[in-house]
Amino acid sequence: MDINTVAILSPGDMGHAVGQRLRENELDVIACLSGRSERTRALSEKAGIRDVENMEELVAQSDLIMSMTVSAAVPSLCREVADAIKSTGSDTLFAECNAIAPQLTREMEPVITGSGGRFVDVSIIGGPPRPDYSPHFYASGEQAAEFEQLNDFGLTVIRLDGEVGQASGIKMCYAAMTKGSWALYSELLMAAELMGLTEPLLEEFRSGQSSVLQRMERTIPTVPPRSRRWVSEMEEIRDTFAHLGMTPHLFEGVAEMYRFIGSTPLGEEFPESRDRERTFTETIRLLSQYVQDGQGGR
C-alpha cells in the first residue's frame, strides 16, 4: 500500500521533527492534539502538522500511524488506537516506534492486528531529524518492507531480518550503552563533586580519557530535560535483560538515577528551553547540591 498520509502519536521532541521531515518531503502529516499540552501544540504547528478532531478521524485518514511516546504509555495508547481501528474498519499500518522491550512489542502486535490493523516493529536510534541528518529507523516483521517506503521521504529506514521484536531489541541494546553511560557519568561526577575531587578527577580524565571527557562535556548538560521520560525506557531495558535471564539490577539503578535527576528543578526544563549557558561542571554542581539537600539517594 502506498503511504500518502502519516499520523504521529505524539508530536513531542522526536515526533514533531519526524513529522516535519515527512511533510517537507510532500507527505500529509496529521495528529490528534485534543487534550495535549500547549507545548505539543506549538511544536506541531511549527512542524506544519495538521490537527484532526479525534482518534477515529486520525485512523480513518492515515495510511501509516507512527507511535512515538514515553515507554510507559505504550499499552494504553495501543489499545486506544486498536479501538479506533475496529470502529472505523481501517486496516492502517501501525508502527510501534517506542523504546520498549521486545516481549512487550510482541504483546502489542495482536492488540493491533486483532482489531483489523497491520503492525510493524520500529525503533529509532539517534536524535530528532535535522538538516542533513536522519536517525536510523530499524524495522522488523512482515510489514517492514512497506515501512521502508519512508526512505523515499527523507528518513533512513533499515530493515532487519526476523520477526517482530528484533527492531525493539536493537534499540534496547543501543540505549543501554548510551543512556546507561550518561547515567554512570552523572553519578560518578556527582560523587566526585560531593567529595571535593572534581578538579583532580577532570585532570585525570584530560590525561587519560580525553575523548570520554569530551562526550561528558557535550552530553551532561542535555540530560536533565530528558531524564523524566527516560525512566520508563530504562525499566524496559531492565525487563529486556531480565527476560533473557540476565540481571535486571543494573538498569534499576539507571532508572533510579534518571528519576532523581528528573525530580530536580533542572528536570523541569524542556530540551528547547534549557539554559544553554549552563556548563557541564555547573550542571554537576547543581545536581550534587540537590543530593546534599536531601533530594537524591535513598
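**Figure 1. T240 in helix α10 of the predicted model.** T240 is buried, at 6% relative accessibility; buried stands for under 20% relative accessible area, exposed for over 50%, and partly exposed for values in between (1.4 Å probe, protein chains only). The residue belongs to helix α10, residues 224-243. Helices (H or I, at least four residues) and strands (E, at least two) are DSSP runs, numbered from the N terminus. With neighbours within four places in sequence left aside, T240 is in contact with A101, P102, Q103 and M172, where contact means heavy atoms within 4.5 Å. Because this is a predicted model, local features need pLDDT of at least 70 and side-chain atom pairs count only at pLDDT 80 or more, while totals for chains, interfaces and linings use all residues. Residues are numbered from 1 along each chain as its sequence is written, and side-chain values use heavy atoms, with hydrogens and water left out.

**Figure 2. S115 in the loop between α5 and β6.** The loop that holds S115 runs between α5 (102-113) and β6 (118-125). S115 has a relative accessible area of 17% and is therefore buried. Apart from neighbours within four places in sequence, its contacts are A82, I85 and K86. S87 is 28 residues away from S115 in sequence, and their C-alpha atoms are 8.7 Å apart.

**Figure 3. Helix α1 and the loops on either side.** A cis peptide bond, with omega near -10°, joins L9 to S10. S10 lies in the loop between β1 (5-9) and α1. Helix α1 has 12 residues and spans 17 Å from its first C-alpha to its last, close to the 16 Å expected at 1.5 Å a residue; the expected span is 1.5 Å times one less than the number of residues. Of the 12 residues of α1, 9 are buried: D13, M14, G15, H16, A17, V18, G19, R21 and L22. E26 follows α1 and is found in the loop between α1 and β2 (28-32). The phi of E26 is positive, near 75°, although the residue is not glycine. E26 counts as exposed, at 73% relative accessibility.

Figure 4. In α2 (residues 38-47), R39, T40, L43, S44 and A47 are buried. Viewed down the helix axis, these buried residues fall within an arc of 135°, so they line one face of α2; the arc is that of the directions from the helix axis to the C-beta atoms. The buried residues of α2 pack against α1 (13-24). E38, E45 and K46, on the other side of α2, are exposed. G48 comes after α2 and has a positive phi, near 80°.

**Figure 5. D132 between β6 and β7.** D132 is placed in the loop between β6 and β7 (136-140). Its phi is positive, about 70°, although D132 is not a glycine. At 86% relative accessibility, D132 counts as exposed.

Figure 6. The whole structure has 1 cavity of 30 Å³ or more. A cavity is a set of points on a 1 Å grid over the protein atoms alone where a 1.4 Å probe fits but cannot get out, and lining residues have an atom within 4 Å of a point. The largest cavity holds about 30 Å³ of space; grid points are joined across faces, edges and corners, and the volume is the space filled by probe spheres set on the points. Its lining consists of L189, A192, T198, F280, T281 and I284. Helices α7 (166-194) and α12 (280-292) each supply at least two lining residues, and α12 gives the largest share, 3 residues.

How values were computed
On a 1 Å grid over the protein atoms alone, a cavity is a set of points where a 1.4 Å probe fits but cannot get out, and a pocket is an open set with protein on both sides within 12 Å along at least five of seven lines; lining residues have an atom within 4 Å of a point.
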